[in-house]
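This report describes selected features of a single protein model. The sequence and the coordinates are shown first, and the discussion follows.

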Amino acid sequence: MDSSFTLTIDWLAFTVLASNPQETMRVLGGDWSKARGGFRGYPLSWMRTDGLRGVGKLGTNAPRRPNEIHVDLSGGLASALTLDQIRTLLQWVHKQQGHVTRIDCALDDRAGSVPVSTIREAVAAGQCVTRAAQVRHIVSNLTHGTGATTGETMYFGSPQSQTLLRIYDKRLELQSKGQEHYQDYGTRWELEFKKDRAEQCARALATLDEADWKELVIGLLRSYVDFRQIPKDAEDEERYRAPVLEWYALLTVGFQKGRLAQEQQVQTLQNVKRWVSDTLTPMLAVICATPGGEEWLLQEIVRGIARWKDRHRNLLKQPPNRFHRSAGGHAGSPY
């Protein structure tokens with residue numbers, strides 16, 4: 001298989017009919033803690049807090065559907081699952097009379113053989129045939145210093161669509177965030193499937209072998225967005241019959257020959273600090289600004305020592321400024 005191209009499951013959400021949330025959490029594995037608020041309209045919720053990035057959320061106890069449980073596993077958790085683990089989970093979901101509501105398939109052109117600019121230019125030249133109702137181009141820049149570009153994304157479809165395609169410069173995104181392994185990435189083609197399309201993909205993934213699954217995903221990509229050598233002022237029928245652009249043909253063949261990747265994640269103290277700084281600092285500041293807040297926070301920190309597990313103790317054993325590179329993955333929020 002070509003290591004220049006990989007396919008990763010980057011988000012998984014599903015709804016099941018289960019006897020209790022504890023059973024669902026046992027199947028999912030990991031550490032779950034009761035949350036104070038609800039989630040997606042479900043009054044009771046739990047969070048999984050042991051991933052390097054992303055988070056798991058579980059909601060239940062809706063008044064009219066007390067036995068219904070909904071789960072969201074975002075990138076850091078879904079992408080760390082092996083193919084066998086994903087299949088086992090999907091088979092359990094369907095056994096519980098459940099269905100998948102969202103699944104994201106991230107196709108990585110790790111060498112960056114087709115930059116976002118090539119796609120943007122093809123769209124502008126009228127060489128794109130797509131079922132998407134809208135196409136958007138978004139560029140992100142720093143608001144201070146050099147004003148350097150930190151991201152460029154093409155969107156095909158809308159958030160309400162059953163299929164949404166995001167194409168963006170993953171290498172640039174990680175580099176702008178200071179990730180030391182950004183060179184491992186290039187251009188990411190991220191297919192977000194929801195509702196019926198998500199369930200279709202999930203049932204296929206649960207039963208097909210890897211080669212057939214990848215063929216299905218690439219087929220869905222090609223049926224949603226195609227790039228062809230279309231003459232100017234071509235009629236609709238002529239547009240669909242035009243030959244595929246060479247770069248797109250090579251790219252999709254590469255994706256189909258690539259490997260279905262599991263993102264290995266190694267937690268580092270640096271990632272923990274970065275996550276606390278980026279995510280928790282504003283809320284910690286609010287707590288400390290209230291009467292007795294600092295004292296309460298210190299008490300909670302001391303209490304937390306009693307809840308340490310091996311993964312927490314292992315962080316203390318790391319030498320200062322130790323860096324890790326993930327095998328085909330990227331670091332982020334160490335929940």
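Which residues gather in a patch of negative charge on the surface? They are Asp233, Glu235, Asp236 and Glu238.

## Basis of the model

The model is predicted, with local features requiring pLDDT of at least 70 and side-chain atom pairs counted only at pLDDT 80 or more, whereas totals for chains, interfaces and linings use all residues. Residues are numbered from 1 along each chain as its sequence is written, and side-chain values use heavy atoms, with hydrogens and water left out.

## Surface patches

The acidic patch of Asp233, Glu235, Asp236 and Glu238 follows a stated rule: patches are made of residues with over 30% relative accessible area and no salt bridge, like charges being joined within 9 Å and nonpolar side chains (Val, Leu, Ile, Met, Phe, Trp, Tyr) within 5 Å. Lys and Arg count as positive and Asp and Glu as negative, while His and the chain ends are not counted. Each charge is placed at NZ of Lys, CZ of Arg, CG of Asp or CD of Glu. Asp233 is situated in the loop between strand 12 (225–227) and helix 8 (236–241); helices (H or I, at least four residues) and strands (E, at least two) are DSSP runs numbered from the N terminus. With a relative accessible area of 80%, Asp233 is exposed, where exposed means over 50%, buried under 20% and partly exposed in between (1.4 Å probe, protein chains only).

A nonpolar surface patch consists of Leu298, Ile301 and Val302, which together have about 300 Å² of accessible area. Accessible areas come from the Shrake-Rupley method with a 1.4 Å probe, and for residues only the protein chains shown count as cover. Ile301 belongs to helix 11 (residues 293–305).

## Salt bridges

Asp10 lies in strand 1 (residues 2–17) and Arg188 in strand 11 (residues 187–194), so the pair ties together parts that are 178 residues apart in sequence. Asp10 is buried at 10% relative accessibility, and Arg188 is buried at 0%.

Glu192 and Arg102 also form a salt bridge, at 3.4 Å from N to O. This pair links distant parts of the chain, with Glu192 in strand 11 and Arg102 in strand 6 (residues 99–109), 90 residues apart. Both of these residues, Glu192 and Arg102, are buried. A network of salt bridges links Asp10, Arg102, Asp104, Asp108, Arg166, Arg188, Glu190, Glu192 and Lys194. In a further salt bridge, the side chains of Asp226 and Arg222 meet at 2.7 Å, N to O. Asp226 is buried, with a relative accessible area of 6%, whereas Arg222 is partly exposed at 27%.

## Helix 6

Helix 6 (residues 195–207) has 13 residues and should span 18 Å at 1.5 Å a residue; its end C-alpha atoms are 19 Å apart, which agrees. The expected span is 1.5 Å times one less than the number of residues. Its buried residues include Ala198, Glu199, Cys201, Ala202, Ala204, Leu205 and Ala206.

Lys195 lies in helix 6 and is exposed, with a relative accessible area of 57%. Its phi is positive, at about 55°, although Lys195 is not a glycine. Asp196, also placed in helix 6, is exposed at 59% relative accessibility.

Arg40 is found in the loop between strand 2 and strand 3 (44–48). This residue is exposed, with a relative accessible area of 56%, and has a positive phi near 50° without being glycine. Asp31 occupies the loop between helix 1 (21–28) and strand 2 (32–34) and is partly exposed at 22% relative accessibility. A distance of 9.9 Å separates the C-alpha atoms of Asp31 and Trp46, which are 15 residues apart along the chain.

Phe5, in strand 1, is buried at 9% relative accessibility. Phe5 and Phe255 are 250 residues apart in sequence, yet their C-alpha atoms are 5.4 Å apart in space.

Notes. Salt bridge = Lys/Arg side-chain N within 4 Å of Asp/Glu carboxyl O.
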